[in-house]
Amino acid sequence: MKLFHISHTDLDGFTCQLITKEFFKEGYFYNANYGLEVKLSIKKALEDMLEFKDEEILFLITDLNLTFQESKDLDLDISKMNENGYKIKLQLLDHHVSGKKSADSFYWYYLDDKRCATKIVYDYMFEEYEGFDCNTSAWLKPLVDAVNAVDIWLEHEKKNFEFGKVLMSMLTKVKEINNILFADLSREFKFYLLKEASKYLDEVDGHIKLDNEVHFIKKEFLKLNNKDDTLDNLSAIYLVKTLDDIKEQLTVTYQEHKGLLTYCLGSISIPANAFLKANPDYDFFIDINKKGSASFRADGKLDVSILAAKLANGGGHVNASGGKFEDFKETINFSDVKNYIQNKLNKI
């Protein structure tokens, strides 16, 4: 069975995916906030399913409530695919009461406002797939209880509630790996943090000990060798290595110049400079965000103030400039962004 799992972008949403990843081991995972991201994620998941016509598919959506129209559209899409020979089981597991109309109308839309989505998913794995062995349940069940306590705000469960607060803060502050450009790696980082955090659940004042150790847990994941450094430096080194691993996919060209394009990376001065120095065959670096605002960086081989002016009515310095693409449309697919920018570069 192939798993396709869309979930929310918070502690509850990611822990839902940690649970399914522990059971299925492999799968296609997507994360979305509300609004456009949900529609785009569903569209992407359905496109990815097209190559698995001969396999059984579980399409799971968790910790996200769909509008009635979104539910209606999805129900129609899945019905059409199944009529055409696909074997897709659609299941939504959520706890937001705003989804009641959809839950009352579609059999696959399950709503329970007395449990967080993480707890619903954990229980679902036992109800439908015989759950986990004793070793996995030993650390996963207490983690689920802590997430449940903080997500539906059970202050009377003091131990779980306090631990859950640290978990929530920990994931909220994960900025070291970009969650759009490196969605899978960012998700793996969050899974790593949650699994490491589970080791403190049975300790006295475990929430305090975890709060003290989060910094060092992050550093262990980001270290590329045994050499220690500041978290910021380790993050920058890790980022440059990650960019270097996929630079061919991120490459754009302008006349005889080669550049690197990123999407929603943010704060690019340090990583852009480090990447350009490590890759002398690249002459410029562009980062664009969801609203079309762009940052341009270079290292003396191209005047990006001129490039920014030509591309996006921008400007600034020779090696550091900015601009705004007024006709840019938000997307979750990097290929759309790359095609958009490359077409602009081809026209100047």
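Is Lys218 buried or exposed? Lys218 is buried, with a relative accessible area of 6%, where buried means under 20% relative accessible area, exposed over 50%, and partly exposed in between (1.4 Å probe, protein chains only). The model is a predicted one, in which local features need pLDDT of at least 70 and side-chain atom pairs count only at pLDDT 80 or more, while totals for chains, interfaces and linings use all residues. Residues are numbered from 1 along each chain as its sequence is written, and side-chain values use heavy atoms, with hydrogens and water left out.

Lys218 belongs to helix α9 (residues 206–222); helices (H or I, at least four residues) and strands (E, at least two) are DSSP runs, numbered from the N terminus. Not counting residues up to four places away in sequence, Lys218 touches Lys173, Val174, Glu176, Phe189, Leu193 and Leu231, contact being heavy atoms within 4.5 Å. A polar atom of the Lys218 side chain lies 3.2 Å from the backbone oxygen of Lys173.

Lys218 also lines the second largest pocket, together with Val166, Ser169, Met170, Lys173, Asp211, Val214, His215 and Leu231. On a 1 Å grid over the protein atoms alone, a pocket is an open set of points where a 1.4 Å probe fits, with protein on both sides within 12 Å along at least five of seven lines; lining residues have an atom within 4 Å of a point. The elements giving two or more residues to this lining are α7 (158–172) and α9, and the largest share, four residues, comes from α9.

The sheet is the next feature to consider. Five strands form an open sheet in the order β2-β1-β3-β4-β5, with parallel pairing; two strands pair if DSSP finds at least two bridges between them. Because β2 (28–31) and β5 (109–111) stand at the edges with a single partner strand each, one side of each is left without a neighbour in the sheet.

Within the sheet, β3 (residues 56–62) and β4 (residues 87–94) pair in the parallel sense over seven bridges. The bridge partner of Ile61 in β4 is Leu92, and Thr62 stands opposite Leu93 in β4. Strand β4 is mostly covered, six of its eight residues being buried.

Methods. A polar contact is a pair of N or O atoms within 3.5 Å; within protein, one must be able to donate a hydrogen and the other to accept it, and residues adjacent in sequence count only if both atoms are side-chain atoms.
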